[in-house]
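Colleague: Before I use this model, I would like the labels checked against their cut-offs. Please take me through them.

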Amino acid sequence: MIILLLTTVLLSGCTEINEPITKDSTGVWNELIVYPLSWLMVETAQFFGEPLDYGLSIILITVLIRLAILPLMIKQIKSTKAMQVIQPELAKLQEKYKSKDAITRQKLQQERLLLMEKYNINPMAGCLPLFIQMPILLGFYQAIMRTEELKGNSFIWFELASPDPYFLLPILAGVSTFIQQKVMTKGQEGNPQIVMMLWLMPVMIIIFSLYLPSALPLYWIVGNIFSIIQSYFIQTPEIINITTQPAVAGRTGGRKK
């Protein structure tokens, strides 16, 4: 995650963030990420019309982005759910290889990989959406900062290009992030790293939202609500499929239909 963030920041840092974004802006980052998002935001706002034009535009773009990466998110959710199901077996492995020496830790890692291979779990599936979302998020941030048409536009009680003066959006962004994390990590409460991220991520989102333009926490809130809803519909049937597959395969040599 750190390498991805630094790479994206370096790419975006090749442009002047204080310069307005236009169709004449040069550079790969501007041409492929920032300007298309800015153009889409302006065109969608013109479709809606005042006074809720740019606010509704950002909400719609957020939903479109989430729909575009939905196949990746489905893989992430299924991978997360599969990891929840095999937690008891992972706990047994950790108990079996609880020594801290390098050889034992290597054996534990090998056994973990074999277990995930047995259940056809790809550990990278949970990270893949991050590789897609991070450039879009930073590009969307720059589009908001550099789109001249956005300045001075309000949505409900806040100005989209300025931080929320009442701090309601940062709080909503943090709470929705916590709920989204809670839904995604249900069943992994015993993992100390998961628990740390469960509380750390909302706090980070709140801090960032205090200083960023209100359009960004609005983006996070809508995205979190979308994720919570999709998790509700996607996770439930996955428990049966993952739990029963190895047992059936062990008796018949293949999966029954």
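Modeller: Glu89, Leu90, Leu93 and Gln94 in α5 meet Leu108, Glu111, Arg112, Leu115 and Lys118 in α6, where contact means heavy atoms within 4.5 Å. The residues of this contact comprise four nonpolar, one polar and four charged. The model is predicted, so local features need pLDDT of at least 70 and side-chain atom pairs count only at pLDDT 80 or more, while totals for chains, interfaces and linings use all residues. Numbering starts from 1 along each chain as its sequence is written, and side-chain values use heavy atoms, without hydrogens and water.

Colleague: Why are α5 and α6 called roughly antiparallel?

Modeller: Helix α5 (residues 87–96) and helix α6 (residues 102–118) pack at about 160°, with axes 10 Å apart. Angles under 35 degrees count as roughly parallel, over 145 as roughly antiparallel, 65 to 115 as roughly perpendicular and the rest as oblique. The pair is therefore roughly antiparallel.

Colleague: What makes the pair of Phe178 and Trp199 tilted?

Modeller: Ring centres must lie within 6.5 Å to pair; planes under 30 degrees apart are stacked, over 60 edge-to-face and the rest tilted. Here the centres are 4.9 Å apart and the planes at 45°, so the pair is tilted. The structure holds one aromatic pair. Phe178 lies in helix α8 (residues 168–184) and Trp199 in helix α9 (residues 192–211), so parts 21 residues apart in sequence are tied together.

Colleague: Why is Trp199 called exposed, and Phe178 partly exposed?

Modeller: Buried means under 20% relative accessible area, exposed over 50%, and partly exposed in between (1.4 Å probe, protein chains only). Trp199 has 54%, so Trp199 is exposed. Phe178 has 24%, so Phe178 is partly exposed.

Methods. Axes fitted to C-alpha atoms, helices over the stretch in contact; angles between N-to-C directions. Helix = DSSP H or I, 4+ residues; strand = E, 2+ residues; numbered from the N terminus. Nonpolar A, V, L, I, M, F, W, Y, C, P; charged D, E, K, R; others polar. Phe/Tyr/Trp six-rings, centres within 6.5 Å; stacked < 30°, edge-to-face > 60°.
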